[in-house]
Amino acid sequence: MSKSTNSWRWPVNKAGSEQSKLPQPLWLLAELTYACPLQCPYCSNPLDFAKYKKELATDDWIRVMREAREMGATQLGFSGGEPLVRTDLEELIAEARQLGFYTNLITSGVGMDEKRIKAFKDAGLDHIQVSFQASSEELNNFIAGTDAFQHKLEMARLVKKYGYPMVLCFVLHRRNEDQIRDILELAITLEADYVELATTQYYGWAYHNREQLIPTREQLLHAEQVAKEYQEKMKGKMRIFYVIPDYFENRPKRCMDGWGHVFLTITPDGTALPCHAARQLPGLEFPNVKNHNIEWIWNDSPDFNKFRGLDWMKEPCRSCPEKEKDLGGCRCQAYMLTGDARNADPVCDKSPHHHELVATIDRVGKLAGTPEFEAKPILFRNPKNSKKITSDKETLPA
Amino acid sequence: MNPITGDNIPAITPTFRFQWEKAQNCFVVLYPEGMVKLSHSAGEIMKRCDGATSVDGIITDLHKEFPDTDLDVEVYKFLEVAREQGWIRTK
């Protein structure tokens, strides 16, 4: 190697300092199946998931992984539904690892045992993220809709035993937000390397159940304090991720780091999405990997270009000095809360719809804890409810 | 934790992955759901953290490849950062 190409520079790069010409799908999320033994009412799968019955075959997934890897994909998440339902998971992991992916298994732990954890390790799996629904058995099993808590504890211990880095994920909402201290203590007991205190994102089932899930301002304030306390206390031992839910902010999140920028989701039936919630947006067809290769889907398909860059924006985003920072927020949230995906995400207080969101938060805050309000049933995520919702929607006048 | 010394032997932490990424044209460190791109020189240091070579040995080897560079201080600085981030362990 000649010296001119082999120069010495200060070792740590500024992240993202090298801009390539085209964005690369660095993150591939493989939603292997919509089947799931759990019924969490904040599931990010579409409400009508039950109508998608045909799953991609093993060979299709292998081709998708190979093509995405050639495009620069590095992180691969096996998700669902519950990815453990797929009997070819070991094979897919082995193939992914061979391709050079960093492989993440995002699971409830239900459907796992020691034999499988070992087989995944042999296949080259890098990391297992186990989700919990709460820190107490009773609430965990209520939210999950199944008696899974003890099994999850056992799986978390085995994940450590086999030397995987362990991420514990807790989705927070009004029902479990006050358990935050117990949740973090549980994570310490289980020796988690990372804890994701994932705030409920109001898409899919969570949007349908949002009145039953939105926390109060007091709950959030408390949770934030406790999270900070433990972040300090566990410094260097356990990393704790805590983000304030965007509904309570005045500026929107930079959703998915931009449409078609780093993130590529493939749904169980092969539909390619710029994020796992995008399927609901009207007027978009979204390409399927059975008909197109990943290169065309990512670089050339109209849908992946639809909200790239800033040209699609309307006011108040178009003339906003902060538009490059947050890219106008989330397209799905804009659609769900204003009816137009090109509008500003109403989390932003410059949106003319922001006050509606604030009113929702205020109303929930006022009514939370009252027996009548809390008695409203939660809709659990299962095929029966999915079919019912889909047929109810279809009988509505257009 | 004690400052890193010349006879410490650094190794990549098993829960992190260090590899060359063709699409990024650089070495990267991978961990659950994340990636750090390393500069050329960081990659050169990290690839020598093999669990057998001491810091002194790494520096000697780097001097062979970059003969006219005063790099000793930077190697120590980088290894401290890498250890703090958890990418490497020292014994």
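A: Begin with pairing: two strands pair if DSSP finds at least two bridges between them. This is a predicted model. In it, A:Leu172 stands opposite A:Thr199 in strand 6 of chain A. Strand 5 and strand 6 (residues 194-199) of chain A are joined by 6 bridges, in the parallel sense.

Q: Which path does the chain take from strand 5 of chain A to strand 6 of chain A?
A: The path goes through helix 6 (residues 180-189) of chain A, and this β-α-β crossover is right-handed.

Q: What is the strand order of the open sheet in chain A?
A: Strands of a sheet pair through backbone hydrogen bonds, either parallel or antiparallel. Here 9 strands run in the order 7-6-5-4-3-2-1-8-9, with mixed pairing. Strand 7 (239-242) and strand 9 (272-273) of chain A are the edges, each pairing on one side only.

Q: How many bridges join strand 4 of chain A to strand 5 of chain A?
A: There are 5, between residues 127-132 and residues 166-172, and the two strands run parallel. A:Ile128 faces A:Met166 across this pairing. Helix 5 (residues 149-161) of chain A packs on the sheet here, touching strand 4 and strand 5, and its direction makes about 160° with that of strand 4.

Q: Why is strand 5 of chain A largely enclosed by the rest of the structure?
A: Count its buried residues: 6 of the 7 are buried, so strand 5 of chain A is largely enclosed.

Q: Which way do the residues of strand 2 of chain A point?
A: In a regular strand the side chains alternate between the two faces of the sheet. A:Gln75, A:Gly77 and A:Ser79 point one way, A:Leu76 and A:Phe78 the other, and all are buried. With 5 of its 5 residues buried, strand 2 (residues 75-79) of chain A is therefore largely enclosed by the rest of the structure.

Q: What joins strand 1 of chain A to strand 2 of chain A?
A: They run parallel, with 5 bridges between them. A:Leu28 sits opposite A:Leu76.

Q: At what angle do helix 2 and helix 3 of chain B cross?
A: Their axes come within 10 Å and cross at roughly 130°. That makes helix 2 of chain B oblique to helix 3 of chain B. The crossing of these two helices is right-handed. Helix 2 of chain B contributes B:Val55, B:Ile58, B:Ile59 and B:Leu62 to the contact, and helix 3 of chain B contributes B:Asp72, B:Val75 and B:Leu79.

Definitions and conventions. Residues numbered from 1 in each chain as written. Chains lettered and ligands numbered in written order. Predicted model: local features only at pLDDT ≥ 70, side-chain atom pairs only at ≥ 80, totals over all residues. Helix = DSSP H or I, 4+ residues; strand = E, 2+ residues; numbered from the N terminus. Contact = placed C-beta atoms within 7 Å. Axes fitted to C-alpha atoms, helices over the stretch in contact; angles between N-to-C directions. Buried ≥ 20, exposed ≤ 12 C-beta atoms within 10 Å, placed from the backbone. Right-handed = clockwise from strand over helix to strand, strands pointing away. Parallel < 35°, antiparallel > 145°, perpendicular 65-115°, else oblique. Left-handed = near helix turned anticlockwise from the far one by under 90°.
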